[in-house]
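Biologist: I would like to learn how to read this fold feature by feature. Can we take it step by step?

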Amino acid sequence: MSLPPLAAYPALRLRRLRQAPWIRNLVRETVLTPSDLIWSMVVHEGEGEVQVPSMPGVARLSVSGAAQAAVEARRLGIPAIAIFPNIDGAKKDAQGSLAADPDGLICRAVKAMKDAAPEVGIMCDVALDPFTDHGHDGVIEGGKILNDATIERLVEQALAQAKAGCDILAPSDMMDGRVGVLRRALEAEGLQDAMIMSYAAKYASAFYGPYRDAIGSGKLGSGPVDNPADKKTYQMDPANTDEALREVALDVAEGADMVMVKPGLPYLDIVQRVAETFALPTFAFQVSGEYAMIKAATANGWLDEERAVLESLGAFKRAGAAGIITYFAPQAARLLGA
């Protein structure tokens, strides 16, 4: 974008539009509201709350606690909640069998949350890693993650979630072709209103560590002898940007309603490119590592927490994101006056 000719100083003094709160508010280009937020939340099988050591202020919630949180989200004006499970390690296996259980933790949480606050949208992670003993997002054979065999399991999982009342299915596995297979399966089951927000550009990032703590994920590279030590064969190389556009184009062509970039702040350039290129709802995930960094810095007195939270969330909107999935959602909503 080329700028028109500008007047010279002192005819033009840009500080005139910054001199008081009312004028800064009036000319603000990017506005963040509670309706831009999706509350990222972890649920567990037991009762009460269980604090996550690496994420101060975040707790795993029981099913009843998740239902109460849905009511709180409605009060705060937060339109949707993204839920993730913490599964008992003794119940996990190499196939992630519990992922498709219609009476499992996620399906029970979805039903409870929709009963408590039907106006709040519920987004479910479609991935096997919370349910596998090896911690990977797919089926392993001979040290490789099997693409098509994994998709079969993901479809079973997603259909169970949709039938439980999940509004948005969010496949985060990064298998090729999974959105198209899932969309066809939803249509065949009469679940055509279920939305898909694909983790279209999900990078093999160092910023996921605290999340793996929160969900009790299996340790990569341990356990089964063929367990790969990382997820680099299916998640994206952090060095690539054009590849992100190809990934998004594929998911859109296959029937994704919305797309996501993950992680968030280190990939604002990707958010901007995707939003400008495709002009469809593009979301960003402010992941656990981003949350933990802000909390650690503020705990040491190095940052002002309230300002850092709102500034970081505003950056996503400025880059073109339609909304942000974040663990800060309830805190941010209150700071924004909800």
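Predicted model: local features only at pLDDT ≥ 70, side-chain atom pairs only at ≥ 80, totals over all residues.

Biologist: Take β1. How many bridges join β1 to β4, and how many join β1 to β12?

Modeller: Seven bridges link β1 (residues 37-44) and β4 (residues 80-86), which run parallel. On the β12 side (residues 323-326), three bridges join the parallel strands. There I38 has I325 as its bridge partner, and W39 has T326.

Biologist: Which way do the side chains of β1 point, and are they buried or exposed?

Modeller: Sort them by direction. L37, W39, M41 and V43 point one way, while I38, S40, V42 and H44 point the other way. Both sets are buried.

Biologist: How many residues of β9 are buried?

Modeller: Seven of the eight residues in β9 are buried, so read that strand as mostly covered. β9 covers residues 195-202. Two bridges join β9 to β8 (residues 168-171), and the two run parallel. Look for I168 opposite M195.

Biologist: Now the helices. Which residues of α5 are buried, and what do the buried residues pack against?

Modeller: Helix α5 spans residues 178-188, and its buried residues are R178, V179, G180, L182, R183, A185 and L186. These pack against α4 (147-164), β8, β9 and α7 (242-254). After α5 comes G190, with a positive phi near 70 degrees.

Biologist: How do I read a helix pair? At what angle do α2 and α3 pack?

Modeller: Read the angle, the axis distance and the handedness together. α2 (residues 63-76) and α3 (residues 105-116) pack at about 40 degrees, with axes 8 Å apart. The two are therefore oblique to each other. The crossing of α2 past α3 is right-handed. V63, A66, A67, A70, V71 and R74 in α2 meet L105, R108, A109, A112, M113 and A116 in α3. The residues of this contact divide into 10 nonpolar, no polar and two charged.

Biologist: And at what angle do α3 and α4 cross?

Modeller: Their axes come within 8 Å and cross at roughly 20 degrees. That makes α3 roughly parallel to α4, because the cut-off for that label is under 35 degrees. This crossing is right-handed. I106, C107, V110 and K111 in α3 meet A160, Q161 and A164 in α4. Five of the contact residues are nonpolar, one is polar and one is charged.

Biologist: Next, the backbone. What should I expect of phi and of peptide bonds?

Modeller: Most residues other than glycine have a negative phi, and most peptide bonds are trans. Look for the exceptions. M174 is not a glycine, yet its phi is positive, about 65 degrees. M174 is in the loop between β8 and α5. A279 also has a positive phi, near 50 degrees. A279 lies in the loop between α8 and β11 (282-286).

Biologist: Are M174 and A279 buried or exposed?

Modeller: M174 has 4% relative accessibility, so M174 counts as buried. A279 has 69%, so A279 counts as exposed.

Biologist: Where are the cis peptide bonds of P10 and P263?

Modeller: The bond from Y9 to P10 is cis, with omega near 10 degrees. P10 is in the segment before α1 (21-27). The bond joining K262 and P263 is also cis, with omega about -5 degrees. P263 is in the loop between β10 (258-262) and α8 (268-278).

Biologist: Which residues is Y208 in contact with, beyond its sequence neighbours?

Modeller: Leaving out those within four places in sequence, the contacts of Y208 are K202, Y203, Q235, K262, P263, V287 and S288. Y208 is in the loop between β9 and α6 (209-215). At 11% relative accessibility, Y208 counts as buried. The C-alpha atoms of Y208 and V287 are 6.6 Å apart, although 79 residues separate the two in sequence.

Methods. Residues numbered from 1 in each chain as written. Heavy atoms only, no water. Helix = DSSP H or I, 4+ residues; strand = E, 2+ residues; numbered from the N terminus. Buried < 20%, exposed > 50% of the residue type's maximum accessible area, 1.4 Å probe, protein only. Contact = heavy atoms within 4.5 Å. Axes fitted to C-alpha atoms, helices over the stretch in contact; angles between N-to-C directions. Parallel < 35°, antiparallel > 145°, perpendicular 65-115°, else oblique. Left-handed = near helix turned anticlockwise from the far one by under 90°. Nonpolar A, V, L, I, M, F, W, Y, C, P; charged D, E, K, R; others polar. Pairing = 2+ DSSP bridges.
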